[in-house]
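Subject: Structure for your review

Dear colleague,

Please find below the structure that I am handing over to you.

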Amino acid sequence: MPVRGRHGRSRSRVVTGITAAVAVSALAVGAYASASPAGHGQAASPAGASRALQADFSAAAAEFQVPESVLLAVSYHQTRWESHQGAPSATGNFNVMGLTQVDASAVPARTDSERRADLNQRGEGGASAAQRFRPDKAALAAVGSVRTSDPALHTLDAAAALIDEPAKALRTDPRESVRGGAALLASYEKQAHGKLAADPGQWYDAVARYTQSPDTAAANQFADRVFATIRTGATRTNADGQQVTLAAAPSVVPAAPAPTRTAKAAGAKAAAAAECPSGLVCDVVPAAYQGTNAADPAVYGNYDKANRPADGQTIRYIVIHDTESDYSSAVNIFQNPTSYVSANYLVRAKDGLVSQVVPTKDEAWHAGSKVLNMHSLGVEHEGFALTNASWYTEAQYESSAALVRYLAARFNIPLDRQHIIGHDDVTGPTDDYVAGMHYDPGTYWDWSHYMDLLGAPLGGNGAPIVGGEITIAPPFTTANQPVVTGCDGKTSTSPCPARPANFVYLRTSPSASAALIKDALVAKKGATGTIQGADWTDKAVSGQTFIVADVQGDWTAIWYAGQKAWFFNPGGQNAVANSRTAQKVVTPAGSAAVPVYGRSYPEESAYPAVLSAVGKDPKQQVVATSYTMPAGQAYVADAPIASDFFYAQNVNMDAPGDHTLVVGTTTYYPIRYNHRIAFVKASDVTTVEAAKPPTGTYTPTGPTRVLDTRSGLGAAKAPVGPGASIALQVAGVGAVPATGVTAVVLNVTAVAPTSGGFVSVYPDGQPRPGVSNLNFVAKQTIPNLVVVPVVNGKVDFYNLLGTVDLLADLTGYYTSTGSVFNTAGPTRVLDTRSGTGGIHAPVGPGGTITLQIAGRAGLPATGVTAVVLNVTAVAPTSGGFVSVYPDGQPRPGVSNLNFVAKQTIPNLVVVPVVNGKVDFYNLLGNVHLLADLTGYYTS
């Protein structure tokens with residue numbers, strides 16, 4: 001956990017659902033879009049991004065004679081070119097090159113009480129279980145242990161000596177980090193080959209050594225990923241606004257032979273094949289399964305033998321954890337049977353090595369909840385409880401995502417945040433457990449990036465509406481740096497350094513000055529309603545889905561733990577609505593509040609005669625928590641589940657009725673109740689449909705230019721001045737009816753602004769909203785798609801600063817009748833780099849390409865009237881623009897996407913479909929085009 005104690009992107013987002021009822025405040029499209037220009041899920045570069053970091057890579061490569069592509073790719077797979085503002089990773093990596101420095105002073109001391117709290121995740125409760133848990137001194141000593149003398153944790157010091165700079169400079173200055181990384185790579189290359197080769201492929205051994213991995217196969221895995229990226233290229237803009245590009249070099253061939261894919265299992269007790277996807281380096285490091293008291297066979301650790309899912313224990317969840325110790329200490333804990341804790345897998349930070357600890361068929365003790373242990377797989381990630389740690393290595397994210405994709409496919413687990421959860425999503429089985437439940441992987445785990453790697457990016461369709469679904473999705477950038485305390489490992493009041501986080505604070509009313517919500521149950525034993533990193537009670541985390549309770553201006557309320565909880569959400573900045581992730585929505589069946597449960601145990605009568613005493617045991621009783629679901633509230637639910645309990649008593653499995661799965665007649669719904677997943681009885685609730693945006697209102701047309709202040713079209717022939725507004729008549733213009741129009745879809749472009757600022761588009765004569773639709777820097781030409789309600793037949797445009805010419809191209813309008821909107825994807829339907837969509841070459845100057853869209857990516861073959869596409873220009877050789885328009889129609893004199901040379905930039909496009917196709921026109925130079933389908937309209 002980066003914030004001490006486990007108790008306690010650039011996000012890619014576009015608005016894809018467009019309806020007549022959309023509020024203006026929810027129409028802004030984020031500055032970062034889902035471009036993925038090199039297939040790695042990178043954020044696209046906003047215009048005006050700095051290239052200083054790119055220059056630092058070039059200079060360091062020349063200074064130390066390291067191929068620039070090698071230097072760039074190593075950094076990409078360490079940090080994705082992020083500086084993290086000088087803060088360490090959870091394993092002591094710093095800055096863009098991920099160099100390590102971990103001193104003993106950075107590892108906070110822990111009490112035995114704190115150490116015990118990290119162990120015993122069996123989750124059964126009751127006095128007898130607590131009495132069995134007696135960790136020995138070795139188990140307690142391993143908790144939080146980090147071997148700070150390991151040279152692998154001091155590569156930053158080695159690099160600092162090579163370039164004769166203080167270590168602090170390499171921690172805080174990206175330029176010195178790059179120089180240090182280059183010097184270190186050069187030293188490894190000289191040691192390996194005696195010279196510095198110009199051919200990037202000759203640097204394979206140096207790249208592998210950069211990981212400091214003790215395992216050849218794992219080190220080579222990192223090198224393989226680095227050279228794969230060298231061949232395909234990559235580009236992104238980091239959280240500091242630095243645009244970095246690694247040009248593709250498909251001809252580079254690593255000199256090293258293809259490595260073996262079986263790593264030596266450190267501490268393995270028997271040779272065994274890990275349950276892992278092909279191509280991922282895994283070993284087997286088995287957890288202890290043995291008794292610790294010869295007089296009592298019920299005292300054993302660290303997991304239960306089972307035969308999942310064949311024995312009826314379906315695997316529904318994958319739980320993400322972090323270790324709070326180094327890899328070897330975590331292994332020691334899992335192999336000590338007095339620790340009462342294990343996991344199915346452990347992912348190492350430096351090289352992405354995956355170690356299987358418990359077979360998937362067996363029940364690892366990892367979640368602190370018997371029900372979750374029965375029905376989940378636990379994946380631990382190496383991470384220390386370091387002072388001010390705030391991120392995880394890319395090698396770890398990549399291996400973890402590859403593993404989870406494999407496991408999800410194998411066990412039919414949906415790739416969403418209702419099923420790919422953190423330990424912080426697991427609720428306490430009973431009231432006594434709630435306050436002490438762990439909260440890893442914590443506030444600085446980048447869920448948005450992780451879901452992108454899983455191939456399941458967070459997405460939505462339109463604006464928040466009361467009764468509809470909403471998924472928390474704040475940008476994991478400097479745009480979302482909430483104040484958090486408790487990162488120093490000593491106090492809960494010291495502010496952490498500002499850094500991106502994965503959550504939004506929840507308040508009692510729609511105001512930044514309103515109090516944070518509190519949890520009455522947690523308040524009995526722990527902190528609630530605070531800004532402590534360990535306080536999960538007032539935070540909603542990226543990917544969690546709730547039901548909208550209210551909307552007021554820039555604020556959205558959700559039903560959360562029996563109350564209305566508000567979060568700041570200007571223009572949909574911190575959430576995506578109508579994401580379709582929930583299978584059910586439940587609400588109390590009557591007029592009274594219904595109980596909420598922390599576990600889904602069966603009723604007493606379900607236990608067979610041989611286990612009748614077990615069924616009567618107080619710890620087995622079906623007892624609700626103090627939480628309730630009040631009447632009138634609604635919560636996202638998963639499919640209903642049968643109540644069950646896997647009885648495992650003795651280490652030798654020889655007790656009467658031992659290893660029996662008891663299944664009851666009571667049925668439960670798992671629900672997203674608060675920060676955590678809880679349960680309600682199906683008999684207490686009724687299922688309802690989430691509210692959806694209105695459909696059947698859209699009519700595609702054009703694109704047709706309806707505003708150009710340069711020529712006087714639609715408004716005066718003059719730039720819009722600072723603080724000025726202009727009105728545009730849209731009703732009765734072109735194909736738009738004179739009456740009955742409720743909203744229009746416009747592609748609005750700012751041209752030659754004299755100052756940085758923004759433009760807001762809103763209904764005529766209405767109060768101007770405090771949100772922007774189009775943000776720009778001086779001299780930038782940039783478009784954005786806007787859906788705006790129409791009042792008095794007009795819409796208004798407001799400019800904040802300087803002067804700017806405005807263009808608006810009409811692509812559709814809403815009335816009471818029209819096409820029906822259907823959500824889809826996001827699915828890539830065009831990529832001229834790879835040939836997706838049938839074109840495998842950049843689009844040349846004056847060139848037009850045609851994309852077949854009907855009948856593809858789940859779209860019907862007929863009846864499609866328009867599509868919603870996120871179109872991205874990648875690596876244009878010249879400044880210019882792209883127009884997207886109906887196939888076979890005269891090309892309009894308007895643009896959908898404007899760019900400068902070498903810029904990667906997206907924009908949302910709604911385009912009518914003719915002949916089942918749409919066309920793309922490029923004005924100047926060569927440019928690769930990507931298109932991601934996010935929705936379509938049918939007649």
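The notes below set out what was found, one region at a time. Please bear in mind throughout that this is a predicted model.

**Nonpolar cores**

The largest nonpolar core has 56 residues, and those with the most contacts inside it are Val 744, Phe 797, Val 867 and Phe 920. Strand S40 (residues 864-874) supplies the largest share of this core, 5 residues. Apart from this core lies another, of 49 residues, which includes Ala 159, Leu 170, Leu 185 and Ala 395.

Leaving aside neighbours within four places in sequence, Phe 797 is in contact with Leu 707, Ala 724, Ser 725, Ile 726, Leu 728, Leu 746, Val 748, Ser 760, Val 761, Leu 806 and Ala 808.

**Strand S41 and its partners**

With strand S42 (residues 897-899), S41 runs antiparallel and is joined by 3 bridges; here Phe 881 stands opposite Asn 898. With strand S44 (residues 917-922), the pairing is also antiparallel and extends over 5 bridges. In that pairing, Pro 886 has Val 918 of S44 as its bridge partner.

Gln 903 is found in the loop between S42 and strand S43 (905-912). Is this residue buried or exposed? Its relative accessibility is 6%, and Gln 903 therefore counts as buried, the cut-off being under 20%. The side chain of Gln 903 reaches the backbone nitrogen of Val 900 at 3.0 Å.

**Helix H10**

Helix H10 (residues 216-232) has 17 residues and reaches 24 Å from its first C-alpha to its last, close to the 24 Å expected at 1.5 Å a residue. Of its 17 residues, 12 are buried, so H10 is largely enclosed by the rest of the structure. Among the buried residues of H10 are Phe 222, Arg 225, Val 226, Phe 227 and Ile 230.

Which elements do the buried residues of H10 pack against? They pack against helix H2 (68-79), helix H9 (204-210), helix H13 (394-411), strand S3 (234-237) and strand S4 (243-246).

At the N-terminal end, Asp 215 caps H10, with a side-chain oxygen 3.1 Å from the backbone nitrogen of Ala 217. After the helix comes Gly 233, whose phi is positive, near 85 degrees.

Strand S19 (residues 555-560) has 6 of its 6 residues buried, so S19 is largely enclosed by the rest of the structure. Trp 555, Ala 557 and Trp 559 point one way from the strand, while Thr 556, Ile 558 and Tyr 560 point the other way, and all are buried.

S19 takes part in two hairpins, which are described in turn. Strand S18 (residues 545-552) runs antiparallel to S19, and 4 bridges join them. Val 551 has Thr 556 of S19 as its bridge partner. This hairpin has 2 residues between the strands, and Gly 553 takes a positive phi near 60 degrees.

S19 also pairs with strand S20 (residues 563-568), in the antiparallel sense and over 6 bridges. In this pairing Tyr 560 stands opposite Gln 563. The hairpin of S19 and S20 has 2 residues between the strands as well, and Ala 561 takes a positive phi near 55 degrees.

**Disulfides**

How many disulfides does the structure hold? There are 2, and with the bonded cysteines numbered in sequence order the pairing is 1-2, 3-4.

Cys 276 and Cys 282 are both buried.

Cys 487 and Cys 496 form the other disulfide, their sulfur atoms 1.9 Å apart. Here the torsion about the S-S bond is about 90 degrees, so the disulfide is right-handed. Cys 487 is buried, with a relative accessible area of 2%, and Cys 496 counts as buried at 10% relative accessibility.

With kind regards

Technical notes
Residues numbered from 1 in each chain as written. Predicted model: local features only at pLDDT ≥ 70, side-chain atom pairs only at ≥ 80, totals over all residues. Heavy atoms only, no water. Core = buried A, V, L, I, M, F, W, Y, C linked by side-chain atoms within 4.5 Å. Buried < 20%, exposed > 50% of the residue type's maximum accessible area, 1.4 Å probe, protein only. Contact = heavy atoms within 4.5 Å. Pairing = 2+ DSSP bridges. Expected span 1.5 Å × (residues − 1). Polar contact = N/O pair within 3.5 Å; in protein donor to acceptor, adjacent residues only side chain to side chain. Disulfide = S-S within 2.5 Å.
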